[in-house]
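Below is a short report on a model with its sequence.

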Amino acid sequence: MNETHAQSTSERRELIAFCIGEQEYCVDIMAVREIRGWSPATPLPQTPDYMRGVINLRGAVLPIMDLAARLGLPTSETTVRSVIIVIKVDERMVGLLVDAVSDILSITEDLIQATPDVACDRVRSFIRGLITMEGRMISEIAIERLLPELEALAA
Amino acid sequence: MDELEEIKATFFQECDELLGDLEAGLLQMEAGEGDSETVNAVFRAVHSVKGGAGAFGLDALVRYAHVFETLLDGVRSGSIEAAPELVRVLLRAADVLADEVQAARTNGRADEHETASMVAELEAWIAGEPLGAEPVVAPAAAKPAAPPAAADEDDFGFKPMAVLIPDVAPIDEAPAKAGWTVTFKPAASLYAKANEAGRLLRELGRLGPVEVELDDADLPPLDALKPEEAYLSWTVRLEPEVDEQAIRDAFEFVDGDCELTISREDGANEETDLAALLASLSAAPAPGPAPLEVEIAPLAPAPVAVAPVESAPIRAAAPAPAAGRAAVDHAPPQATIRVDPERIDRLIDLVGELVINQAMLAQRVVQHGFAPSSDIAMGLDELEQLTRGIQDSVMAIRAQPVKSVFQRMPRLAREVASQIGKQVRLVMEGEGTEVDKTVIERLSDPITHMLRNAIDHGLETPSERIAAGKPPEGVVRLAALHRGGRIVIEVEDDGRGINRQRVRQIAIDKGLLAADATLTDEEVDNLIFLPGFSTANAVSDISGRGVGMDVVRRSVQALGGRISISSRPGEGSTFTLSLPLTLAVLDGMVVDVAGHTLVVPLTSIIESLRPKPEDVRPLGPTGAVLAVRDSYVPLVDVGSVLGFRKSSVAPSEGVVLLVEHEDGGRAALVADVIQGQRQVVIKSLEANYRQVEGIAAATILGDGRVALILDVDAVVAMRRREPRAPEPTLHAAE
């Protein structure tokens, strides 16, 4: 969420970390509505390959985005450990399909480093920054950038 | 939204209702059906708008409403006669009030010129000298005028009182010395709501002789006085015959904004009902209709507030005091609660989920081998009944009478008619017909179009009507009714009917129809719905831009509705619009296509059939048509159009749904298997995602999975350009 940018560096915020393949990513916990197990999605015609389709979330139709495909990573088969992280961005709900939830982090803003140049453009545009913790590198997803793409496609 | 804004929003919602009541009341008066209670209701509506506007500091609205209210108060008190021409002015004044409210709501400005001229007109009526511009008939102008602003300043007007008991036996047991003491201390909020103490005191003055004492003990020295505070209080003594309810009624609008005590001066506060009724009778002012006066004269002390003698004839002409205040105090308002629609939508979602869950549970119980007669299965049956009951009740919460749409129409009819110089009387029926709120919102546009069309094209000008032997005033009937699980709206005019010769010629001239086509009368009538068709001789800004009826038909069809017209030459035409009762559920055919479950809206399906191989004929490189009873219909393979499979299957191996699409053409959709018909709850894809071409919406099936609802028109259109645009890969390529 955008307001997190305005927070002072000393304020702590919490992030939910998850795995995609060998890599670790995270999102701000304030954007997460719930985490649920994988259930088969109904595919939508005429949609990009990273859209897995839609599922029934207690009566609402929830689109599922395969985050691996969105980031250009190889997609893996869904397993019993696969989870859907339901996030809310600007009144819209979307489910992010990831391999597994790994951790809950509590960090201050100054722990976040800028994304280095080496990464490709697509990855850089979806990554807010990098967090180093206990020798692991965790990238924070800029969730607000995942979704506007949907609107651009609809136009 | 801060708190004040929220209250303000509620105020404007109330304004909508009040304006509706106002118009309804005035229309009743126009039809000659209004009684004194109608006049009171009309007055109350304007007064309440003014009061609320005062509380929010909407000065322009208060100023206008005040003038309007003053005139209505004159009508209420009988000092101004509710002549038909005045009622027409009041109707227009109500329109201007609606504009002012709208302006206040949007922080905009109403048409100042219009308001100013309306104010001038109203003030002229208050002064008893209607403006010359009005087509005023003699009596109103000639009546003895009350002095300007008399209605407000010197308001001892006629008040309807109980005369329900025909033979009143003389009773003189009312204690001679008893009397009412009313202490009244306004709070600052009373003034803030644009009420004034003086008016209330005058109101009491109408009930009989009063003694008023002002208590200014709380009044601070001038330098400490806050102009918006309230310091004064009054003690009013009234005659014992005055009905307590009448006193309370006088303070009806300021309830909660003042300290009020009403007590009897002596111990005799128990009277029989009859005596109370008599007391209220006696409070009726003397210049009432003569018979009444004679009857009550022996009982009643002459009211002190005797009106000027000249105005007596007018009062006699006022509505007869058919019913008393005590007896018919206006019907109790229907108890309602305001609920945020989102909460209801949420409830509907949850109940839908409950129904699905219940179905899943039932399925599992069967899978686990419980017999239908087992306790568990029977308990589940009961649960099913209950959930269906809940679902119906929840849907009923969202059902609303079409009145909210209908009540905007009289104004539209007036405006359209005066713009094009026609006379029209709008008759409305079935305003109480209920339909889901999702449909209500979509009714307004088509009804507006149909009504404009009926007045603009359907009705003749007054002179043409007279020549045709009809009354100069045309009648347009707007009716709503339930029929076969749908809501039907009819707009019927008594005009000239459709000129079939001309319609046919225009259709041929515009290339919409082959010159040698044979059509039934009904088919000719419905040519007006063809895109690009317009019969108006001159393009007016009312209708006839050539985008009229075909746009209406398309938007109606998009909602699963139908619209048609039938006409009787010389006698008039009838538009008939039918829509499903709710847009939240849809009757659909559930089909399987390439392993996907799809729902096809039943409204677009003409029939389903299993084609024989010899009925399928290839046409061109990839296309094929199906022979259906001597005509050829293009075949559309839904699976390949939506990208579910690469190559089409042979139609003879699956089933074919014969559908009608928006421009009236037909197509044959190929699917694998028909699962059956089902009513499904419509879920938006756009809420969380976006529109998907070929898909109208989504729904949730009994097993909890999402199924897509097919957009038949879009799929047929996609089929046409399929060969040159491999759509799916384009999208996936980002």
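## A helix pair in chain B

α18(B) and α19(B), the latter covering residues 437–458 of chain B, pack at an angle of about 35 degrees, and their axes lie 10 Å apart. The axes are lines fitted to C-alpha atoms, for helices over the stretch in contact, and angles run from 0 to 180 degrees between N-to-C directions. The crossing of α18(B) past α19(B) is right-handed.

On the α18(B) side, the contact uses B:M409, B:L412, B:A413, B:V416, B:A417 and B:I420. They meet B:S444, B:I447, B:T448, B:L451, B:R452, B:I455 and B:D456 of α19(B). Contact means heavy atoms within 4.5 Å. By class, the residues of this contact are nine nonpolar, two polar and two charged. Here Ala, Val, Leu, Ile, Met, Phe, Trp, Tyr, Cys and Pro count as nonpolar, Asp, Glu, Lys and Arg as charged, and the others, Gly among them, as polar.

## Basis of the model

This is a predicted model: local features need pLDDT of at least 70, side-chain atom pairs count only at pLDDT 80 or more, and totals for chains, interfaces and linings use all residues. Residues are numbered from 1 along each chain as its sequence is written, chains are lettered from A and ligands numbered from 1 in the order in which they are written, and side-chain values use heavy atoms, with hydrogens and water left out.

## Chain B overall

Chain B has 26 helices and 22 strands. Both are DSSP runs numbered from the N terminus: helices are H or I with at least four residues, strands E with at least two. Of its 734 residues, 46% count as buried. Buried means under 20% relative accessible area, exposed over 50%, partly exposed in between (1.4 Å probe, protein chains only). Take the contacts in chain B between residues at least 6 apart in sequence: 70% join residues at least 24 apart.

## Nonpolar cores

The largest nonpolar core has 65 residues. Among those with the most contacts inside it are A:F18, A:I20, A:L67 and A:I141 from chain A, and B:L598, B:L642 and B:L669 from chain B. A nonpolar core is a set of buried Ala, Val, Leu, Ile, Met, Phe, Trp, Tyr and Cys residues joined through side-chain atoms within 4.5 Å. A second, separate core has 48 residues, including B:M409, B:I440, B:I506 and B:A517.

Helix α1(B) spans residues 3–30 and reaches 40 Å from first C-alpha to last, close to the 40 Å expected at 1.5 Å a residue. The expected span is 1.5 Å times one less than the number of residues. Its buried residues include B:F11, B:F12, B:L18, B:L19 and B:E23. They pack against α2, α3, α4 and α18 of chain B. B:G32 follows, with a positive phi near 80 degrees.

Helix α15(B), residues 341–367, should span 39 Å, and its end C-alpha atoms are 39 Å apart. B:I344, B:I348, B:V351 and B:E353 are among its buried residues. Their cover includes β4 of chain A, together with α16 and β21 of chain B. Helix α9(B), residues 197–206, is mostly covered, with eight of its 10 residues buried. B:G208 follows α9(B) and has a positive phi near 150 degrees.

## Single residues

B:T699 is found in strand β21 of chain B. It counts as buried because its relative accessibility is 0%. Its contacts include B:V599, B:V680, B:K683 and B:I709.

Most residues other than glycine have a negative phi. A:Q46 has a positive phi of about 55 degrees although it is not a glycine. It lies in the loop between β3 and β4 of chain A. A:E134 has a positive phi near 50 degrees and lies in the loop between β10 and β11 of chain A.

A:E134 is exposed, at 69%.

How values were computed: Left-handed = near helix turned anticlockwise from the far one by under 90°. Lists of a residue's contacts leave out its neighbours within four places in sequence.
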